[in-house]
Every structure is written in structure tokens, then in C-alpha cells.
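Please brief me on this model.

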Amino acid sequence: SGSTFSITNPVTTITAVFNGAGSALTATNTLMPFTCPYTGTITGWSISVDTGTATFKVWKKATGTAIPTISDVINTSGVAISTGTHLRSSTVTDFTTTTVTAGDQFIVALITPSGATQAAFELEVTK
């Protein structure tokens with residue numbers, strides 16, 4: 001016989017990794033943008049740290065001739081990890097929009113790290 005496999009709502013992640021090379025991370029927003037290749041909805045996010053805490057903000061700008069800036073931020077307080085070393089959440093209430101259009105550009109800004117020397121942030125976009 002045989003089997004089939006299909007994915008109805010594939011999820012892609014927009015990932016930003018911060019590495020202090022052994023030193024504590026500091027706030028930074030000097031990243032280059034990531035482009036989402038398809039239309040979808042922000043449905044979740046994950047944060048991993050080696051130790052300590054971290055808060056992230058996400059900037060989004062429609063495709064065009066400029067990259068996102070801080071004025072394009074799409075979450076209010078930022079999403080954070082305050083205990084443990086990994087957190088995944090499907091709560092997106094901090095985001096002012098969850099709509100993604102093909103070609104939208106994103107920047108992930110690390111705004112308040114404390115004690116972490118490595119951190120990663122993943123934004124989940126469901127097609």
C-alpha cells in the first residue's frame with residue numbers, strides 16, 4: 001500500500017540569535033531584517049537563554065525600499081523569559097498586529113537582557 005503525509009498549516013520561524021561570546025548580553029537593535037516569504041499569521045514565539053532573563057521587541061515593515069526601524073515595533077511591552085532557560089508561548093496579545101504579508105521584513109530587538117550570555121528568539125508564522 002503506501003502512506004501520504006500533508007501539512008495543512010505549516011509554520012515557519014523567524015529566528016534571531018544573540019551571542020555574547022562568554023560576556024553578558026547588552027541591549028541591541030542593530031540587526032539586519034529577516035524577510036517572510038509568504039502571507040500568514042503570527043501564532044506564537046519562543047525564547048531560549050543560557051541563564052538569566054531577556055525581553056524582545058519585534059519590528060515589522062512591509063516590503064519596499066527601507067528596513068524596519070524602532071517606529072515599526074509591533075509589540076507593546078515586549079515578550080520575555082523570566083525563569084528557566086526556555087519558554088514557548090502561543091499568547092500573542094502583546095502584538096499590535098499578527099498579520100503577515102509575503103515580503104514583510106522583521107527585526108528582532110533584544111531590549112532588556114540580564115545575566116544571559118546567549119539568547120535566541122523565534123517568531124512563529126503560520127501559513
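K127 lies over the face of Y38, at 5.0 Å from the ring centre. Such a charge over a ring needs NZ of Lys or CZ of Arg within 6 Å of the ring centre and within 35 degrees of the ring normal. The model is predicted: local features need pLDDT of at least 70, side-chain atom pairs count only at pLDDT 80 or more, and totals for chains, interfaces and linings use all residues. Residues are numbered from 1 along each chain as its sequence is written, and side-chain values use heavy atoms, with hydrogens and water left out.

**Overall build**

- The chain has zero helices and nine strands. Both element types are DSSP runs, numbered from the N terminus: helices are H or I, at least four residues, and strands are E, at least two.
- The radius of gyration is 15 Å, close to the 14 Å that the globule rule gives for 127 residues, so the chain is as compact as a globular protein of that length. The radius is taken over C-alpha atoms, and the rule is 2.2 Å times the number of residues to the power 0.38.
- Along the principal axes, the C-alpha atoms fill a box of roughly 55 × 45 × 25 Å.
- Of the 127 residues, 39% count as buried. Buried means under 20% relative accessible area, exposed over 50%, and partly exposed in between (1.4 Å probe, protein chains only).
- Among contacts between residues at least 6 apart in sequence, 81% join residues at least 24 apart. A contact means heavy atoms within 4.5 Å.

**Nonpolar core**

- The largest nonpolar core has 27 residues. Such a core is a set of buried Ala, Val, Leu, Ile, Met, Phe, Trp, Tyr and Cys residues joined through side-chain atoms within 4.5 Å.
- I42, I47, F56, F95, F106, F121 and L123 touch the most other members.
- Elements giving two or more residues to this core are β1 (11-19), β3 (40-49), β4 (54-61), β5 (79-81), β8 (105-110) and β9 (118-126).
- In soluble globular proteins, nonpolar side chains tend to be buried together.

**Aromatic pairs**

- The structure holds two aromatic pairs. Rings of Phe, Tyr and Trp (its six-membered ring) pair if their centres lie within 6.5 Å; planes under 30 degrees apart count as stacked, over 60 as edge-to-face and the rest as tilted.
- The ring centres of F18 and F56 are 5.7 Å apart and the planes stand at 45 degrees, so this pair is tilted.
- F18 lies in strand β1 and F56 in strand β4, so the pair ties together parts that are 38 residues apart in sequence.
- Both F18 and F56 are buried.
- F18, F56 and F121 form a cluster linked by ring pairs.
- Beyond four places in sequence, the contacts of F56 include I47, N75, V108 and A120.

**T55**

- T55 lies in strand β4. T55 is buried, at 14% relative accessible area.
- A polar contact of 3.0 Å joins the side chains of T55 and T112. The term covers a pair of N or O atoms within 3.5 Å; within protein, one must be able to donate a hydrogen and the other to accept it, and residues adjacent in sequence count only if both atoms are side-chain atoms.

**Two loop residues**

- T117 lies in the loop between β8 and β9. T117 counts as buried, at 17% relative accessibility.
- A21 sits in the loop between β1 and β2 (34-35). A21 is exposed, with a relative accessible area of 70%.
- Phi of A21 is near 50 degrees, a positive value in a residue other than glycine.
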